[in-house]
Number of protein chains: 8
Amino acid sequence: LRCGIPEVVLAEGKDTPHLVAIMKRYLETTGRCIASRATEEQADAVRSGVPDASCEYFPDARIIILSDGSPVPKTGGTVAIITAGTSDIRVAEEARIIAEEMGCTTLTAYDVGAAGIHRLFPALQKLKDANAYVVCAGREGTLPAVVAGLVGRPVIGVPVSVGYGYMGKGEAALASMLQSCAVLAVVNIDAGFTAGAFAAQIAHGADQ
Amino acid sequence: LRCGIPEVVLAEGKDTPHLVAIMKRYLETTGRCIASRATEEQADAVRSGVPDASCEYFPDARIIILSDGSPVPKTGGTVAIITAGTSDIRVAEEARIIAEEMGCTTLTAYDVGAAGIHRLFPALQKLKDANAYVVCAGREGTLPAVVAGLVGRPVIGVPVSVGYGYMGKGEAALASMLQSCAVLAVVNIDAGFTAGAFAAQIAHGADQ
Amino acid sequence: LRCGIPEVVLAEGKDTPHLVAIMKRYLETTGRCIASRATEEQADAVRSGVPDASCEYFPDARIIILSDGSPVPKTGGTVAIITAGTSDIRVAEEARIIAEEMGCTTLTAYDVGAAGIHRLFPALQKLKDANAYVVCAGREGTLPAVVAGLVGRPVIGVPVSVGYGYMGKGEAALASMLQSCAVLAVVNIDAGFTAGAFAAQIAHGADQ
Amino acid sequence: LRCGIPEVVLAEGKDTPHLVAIMKRYLETTGRCIASRATEEQADAVRSGVPDASCEYFPDARIIILSDGSPVPKTGGTVAIITAGTSDIRVAEEARIIAEEMGCTTLTAYDVGAAGIHRLFPALQKLKDANAYVVCAGREGTLPAVVAGLVGRPVIGVPVSVGYGYMGKGEAALASMLQSCAVLAVVNIDAGFTAGAFAAQIAHGADQ
Amino acid sequence: LRCGIPEVVLAEGKDTPHLVAIMKRYLETTGRCIASRATEEQADAVRSGVPDASCEYFPDARIIILSDGSPVPKTGGTVAIITAGTSDIRVAEEARIIAEEMGCTTLTAYDVGAAGIHRLFPALQKLKDANAYVVCAGREGTLPAVVAGLVGRPVIGVPVSVGYGYMGKGEAALASMLQSCAVLAVVNIDAGFTAGAFAAQIAHGADQ
Amino acid sequence: LRCGIPEVVLAEGKDTPHLVAIMKRYLETTGRCIASRATEEQADAVRSGVPDASCEYFPDARIIILSDGSPVPKTGGTVAIITAGTSDIRVAEEARIIAEEMGCTTLTAYDVGAAGIHRLFPALQKLKDANAYVVCAGREGTLPAVVAGLVGRPVIGVPVSVGYGYMGKGEAALASMLQSCAVLAVVNIDAGFTAGAFAAQIAHGADQ
Amino acid sequence: LRCGIPEVVLAEGKDTPHLVAIMKRYLETTGRCIASRATEEQADAVRSGVPDASCEYFPDARIIILSDGSPVPKTGGTVAIITAGTSDIRVAEEARIIAEEMGCTTLTAYDVGAAGIHRLFPALQKLKDANAYVVCAGREGTLPAVVAGLVGRPVIGVPVSVGYGYMGKGEAALASMLQSCAVLAVVNIDAGFTAGAFAAQIAHGADQ
Amino acid sequence: LRCGIPEVVLAEGKDTPHLVAIMKRYLETTGRCIASRATEEQADAVRSGVPDASCEYFPDARIIILSDGSPVPKTGGTVAIITAGTSDIRVAEEARIIAEEMGCTTLTAYDVGAAGIHRLFPALQKLKDANAYVVCAGREGTLPAVVAGLVGRPVIGVPVSVGYGYMGKGEAALASMLQSCAVLAVVNIDAGFTAGAFAAQIAHGADQ
Ligand SMILES: Nc1ncnc2c1ncn2[C@@H]1O[C@H](COP(=O)(O)O)[C@@H](O)[C@H]1O
Ligand SMILES: Nc1ncnc2c1ncn2[C@@H]1O[C@H](COP(=O)(O)O)[C@@H](O)[C@H]1O
Ligand SMILES: Nc1ncnc2c1ncn2[C@@H]1O[C@H](COP(=O)(O)O)[C@@H](O)[C@H]1O
Ligand SMILES: Nc1ncnc2c1ncn2[C@@H]1O[C@H](COP(=O)(O)O)[C@@H](O)[C@H]1O
Ligand SMILES: [Mg+2]
Ligand SMILES: [Mg+2]
Ligand SMILES: [Mg+2]
Ligand SMILES: [Mg+2]
Ligand SMILES: [Mg+2]
Ligand SMILES: [Mg+2]
Ligand SMILES: [Mg+2]
Ligand SMILES: [Mg+2]
């Protein structure tokens, strides 16, 4: 764990035996291996290829976690993950699992942007102990700025590639987050991993 | 007046004698002439070049109105003009004057975005009789969507070319208005004239 | 109905049981549910999953309407929908159905751009009672400006993502509508829903 | 004259003595020299630096023509130059002068787009003997397509860098000309020289 | 034939019975119908759906020509079509067939750019009677400028969407043609139809 | 102080009396006022317009701080500010002053990228107690990723608009920070204010 | 071999019999033929279509080499090929094979970026006799600049189209390489062929 | 000299006393200092600020060289610098001076593109001993590819920011060089320094 951030193997585009071999090697070295953008089929292959390890697959996040079964030690700190809609959940889940893998407690409030601000207030109430907020939103991507106006802790905006037409693959969301009058930091479009790891770094600091 | 929309002479880039001549000709034909993107100097030249007409200059909107002094007949309808910040006022004023020239009553609420939503509610209250809303905003351009979520009448978003960095000349605002989940129509960046005239067309219909 | 605009469920990307469940819930709460970008297969699943409701599928618009069978009450106002070509009809139909769902009367003139302006005049004649016009066009997207030059009511341009080459997925149409010398408001590329709802808001005002 | 097209010296960015020297050299070799994007001051310097030659300056086109005074022989063919507005005239004049220099007769109709199509028909009537049409237009750039729908000869669209906001420096005009359903060929933004020379090539062919 | 240019039905995206019906209708009205971007399957369906007409399919150009069998009358003029590589031929063939349909004689020289300039000279020699040249090229798109430097007649550049990486779908070719120091006119990426029809207009003029 | 972040008045584009008035009003309400993108002349005007207050001007950061003279209470936490070159210092200073205004201790290491990595290690050593790092870099913008690979605390990348040519106004730096394999969060180009305030929020949390 | 660079047939998009015929012809003329972006199936077809020749297929590089079996004569010089990750290997292999075909010795160090700089030093040590370095990297594309800071020979950066989100198809890598403060030359995204041939030209010169 | 490449101080944007100080310090450490993008005034200030050193100013390249007067030792190798037009010379001269500073012999052929290929052949003849070619070209930027087709040594393309309209600030040239079928490597727009240093690295290798 360089700087406390787990290495993540990109499963997408790797052929399955190669993926299994890489993950097995990591498991032997570090006791744990994460693969992102993985299919259910790849997870099954890992499971049978490394039969005596623990292998979990998270379909929304498309993540495989291969481990010797020992739980991640809690390093402290709490990360909140919020999405505007349901399409953003796949990105949010990637963030959530990384933050958990980095030893944080995570809290989530999904789909609280679409239905109007009245669902947002009670959601934020539930998340009030978080040390950092990851807020995922597509289309015009305004939810992170709204949250940043309501909480006093750092808010990380994650533009999500849902939408259509002009700048509709997350670019409008990215642009509006960067231009926001609110105090926000931003990661790449769909970059759940980066957002989750960054939030965990904040939470670690806040817990020390 | 083709379709009830006044022709507007673009003063910018025209040399002054040419501008005075054009405006004088229009005045003689239609009793009225508007010039946009005009300087105070151009207004002075028009004033002395056409001494027996009425000549008003609006410095924020950079508009000259030359007329025979007769007021624009009220054709009915009310247009509300809103800005997020003070930098947006120059665009808003262009919209306001065109709507007035098209016979509408106008109501304004300027700089109601920057100071937080608590200034927006009483502002909208004052504007509640409007038949259409023109909302001008730069940077991430979210105010039109917020207004559209609060009023039941048509809202026209006007992206304003203030900001810096990535897509900072109104492009981020344009993109976020086009991608908005709220029901909004949009005009070109800084297009106060188009927004004001479009809103006036709506207001005319609503008053008949 | 927040602000009189129906919530629309985006069917695209949702798995079918989830879609059926959401639509059923909305139906129970509000007596009516619309899903957009839906396939015929999804419509069939809704039909069998909610057997005692009325379920209509509009293949051009790719819309499902699930209701208790009671008609939408006419709230007044007339919306005209125009397309330049036949490829624009899918977008136009989305606008038309939303306007109908919002209680407007709709009138259509499809494919009146391709064959030359001589087909446009009689078409506009038929549509002369409309309170607002939605004009859908791809490629260079000039039809909305032409219509705006011929009618005195508000015209909403909808760029359509047909075409090829340079800015050929609706971007040229969007750009030309935004730059138009005519008074036009614009929505996102392919945003039939927004255009139809916005036109209905205008028409409602005009009818009161 | 390679391929019958005059070499044109770009005056912009050259220091004046250097420009005078180059033009003098060309004059001695070929009896004629054209400089584009030239200032009045540069023209004056050429005039005094080459006192026994004929030196004309065209302020709209910003062109200097230095010659031994002999007229350009008519090589036949007629080129029509049209502009939508008055801001396009500087580009149109560049096209016109090049076509004249290539021995064509030129006909012009300027500012026939802004005031509506009713001014276009009589203008085209005057230009009906042209072998090719150069049509200059900014903003949404639709005039070339309109002309192409009305005449049977080749129409060359020239996007002009006037406008503001989204793609407002001629890019929207370029895009809409390239996407046009009408049969048009296009040159670079503000490329009056290329359009005029291309039209002259067509006219030469048509006259043989 | 408006302005002598055949209407072309875009087969792509139309369902087959609809296409057959449209083509049949055109055939009955005008004795001839062209469909572009058509598949072999669509051609077969047209052939069996309109059995007593003549139906040709051009696989490279992806064009169907349905006619009463009478040949296109020669209206005069010769158009040359040139490609840089073999990937450009599909676009070139579209241009060639339209020019033939407009009554021109066509001459071709395909794949003369890739193998170096030594193949270009004899090719141009064969094409020396052409009244206009259509030159198709992808990637950096320089062949049109080279041809324009060697022939005295109008050259129309057609950027082709082959290539990869930065601006690799024809955009680099479009940009380099527009910026060319040579006198060139340009059409949209892959716009064989427009280039062929434009060249035929030139050739018609040259032949009168 | 909404959420602990000071409101900042944008001095740029405001006329001086207006600026003085706004700052005076803020001073009276909150005891303190910050203006960004301010000139020395504006600072002088504020100084004489509000004579009995304390008025500091920071020429690199172009910031005016007007206060009743009482120091900002230390809220805890340490923020490190790093620049790759000297041109980035103006942005870095904006970040530093905001972080100070939010009660943080700040540490700086400027111009540690240009001279090679050997200057970076001792610099980071000096900054090792920071709770968050703000790293400003233009051109290819790689320094933030290098720092993130060496420290275990959150690193915020600030793209700076220095450079030339392709994406040379900070866009390349923005893109490379967003694509970075390192865990980084990013703010808008030149957005020193946002970066400093965000880092201060992190530092506050870490100190509690 | 024009300028010593082998012609390469682009297999992609060619139908198989056509490809076989072209390769056979080249083989007969020059004793050797390379096809790029080829599938295994195409290689099999070549193998059976030209049975008495030697036919090698390189699956990573997707290259077919058809030859009379005689080895490429060593023309001297050594080219090093480096990749940041494993996804870049397909591009690197294309470069390597071309350099070999041009008579160079090649050395490789693949996947030395992802695991941190500690794997890079020993890798560069192994490559220290190279006359030129080809460095392939996607995402933010910084490895070429790092290598250029460590070796004294020419480094060619190859941006690779892996990544996602903003400029994620190699554009960020291209931009960061072009903006780099290090001395680098760059080729198109994924342009392994160009990079390998260019490096071989350098190596040839260095060996003479 | 890290890797044999001189550090270059960017004079642009630095205030004069600061520049003089930096250059003086470098001179004392390394006996030599180069400043780029410098004005004549800055050169004069350096000259009087460091009176006992040798200070040369190159107005075309806008470079100052401050040294102890000892000549750069010839490290071997020859670099050729070519420009298409006269506007490209400022960039070419920057390349030339850096290559000289790195101990290479330089040969130049300027303005050989504009007047047609007939001037290019004798120019290349004069340059035939070069180990590498730097070719600077604006607008469509095709000269590097032409040269690469005629010489067997590495050719580095430098896009120059001259031109107008669509991609007219060097972007079209960059794109066409990257897409070129010829074997070329490319540097950033106007990056004379990088091109010259890269060519010198090649030439050094070729001379050993
Ligand atoms: N609350 C806000 N939300 C979004 N944009 C805002 C807000 N307040 C101000 N702006 C924009 O920021 C820019 C500068 O504002 P000002 O300094 O008030 O002129 C204007 O274009 C405003 O539209
Ligand atoms: N006369 C016209 N002017 C502009 N665009 C048109 C015209 N006719 C058709 N189009 C557009 O061309 C595209 C294809 O038309 P169609 O083949 O009829 O579906 C559609 O997006 C139309 O909007
Ligand atoms: N080692 C480096 N790596 C990347 N960028 C750098 C480096 N050094 C300087 N820069 C950038 O180059 C620009 C000019 O640097 P300077 O001349 O020091 O102001 C600044 O924006 C720096 O961020
Ligand atoms: N240390 C690194 N720095 C920059 N880019 C990297 C690094 N490691 C890997 N990459 C890039 O990330 C992409 C995916 O890497 P891989 O999963 O190893 O194929 C490749 O294009 C790499 O060039
Ligand atoms: Mg959102
Ligand atoms: Mg806003
Ligand atoms: Mg249209
Ligand atoms: Mg126009
Ligand atoms: Mg080509
Ligand atoms: Mg940097
Ligand atoms: Mg990399
Ligand atoms: Mg060139």
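1. A polar side-chain atom of F:Glu140 lies 3.4 Å from a nitrogen atom of ligand 3. Taken alone, ligand 3 exposes 480 Å², of which the protein buries 85% (accessible areas by the Shrake-Rupley method with a 1.4 Å probe; for residues, only the protein chains shown count as cover).

2. The model is predicted, so that local features need pLDDT of at least 70 and side-chain atom pairs count only at pLDDT 80 or more, while totals for chains, interfaces and linings use all residues. Residues are numbered from 1 along each chain as its sequence is written, chains are lettered from A and ligands numbered from 1 in the order in which they are written, and side-chain values use heavy atoms, with hydrogens and water left out.

3. Ligand 3 lies between chains F, G and H, and 15 residues surround this ligand, with F:Ser87, F:Asp88, F:Gly113, F:Gly138 and F:Val162 the closest (a residue is near if one of its heavy atoms lies within 4 Å).

4. Elsewhere, four residues of chain C are in contact with seven residues of chain E (heavy atoms within 4.5 Å). The two chains bury about 590 Å² between them, 52% of it on carbon and sulfur atoms (the accessible area, 1.4 Å probe, that two parts lose on being put together, summed over both). In chain C, the residues C:Thr86, C:Tyr164 and C:Tyr166 lose the most area to chain E, together 73% of what that side buries.

Terms used. A polar contact is a pair of N or O atoms within 3.5 Å; within protein, one must be able to donate a hydrogen and the other to accept it, and residues adjacent in sequence count only if both atoms are side-chain atoms.
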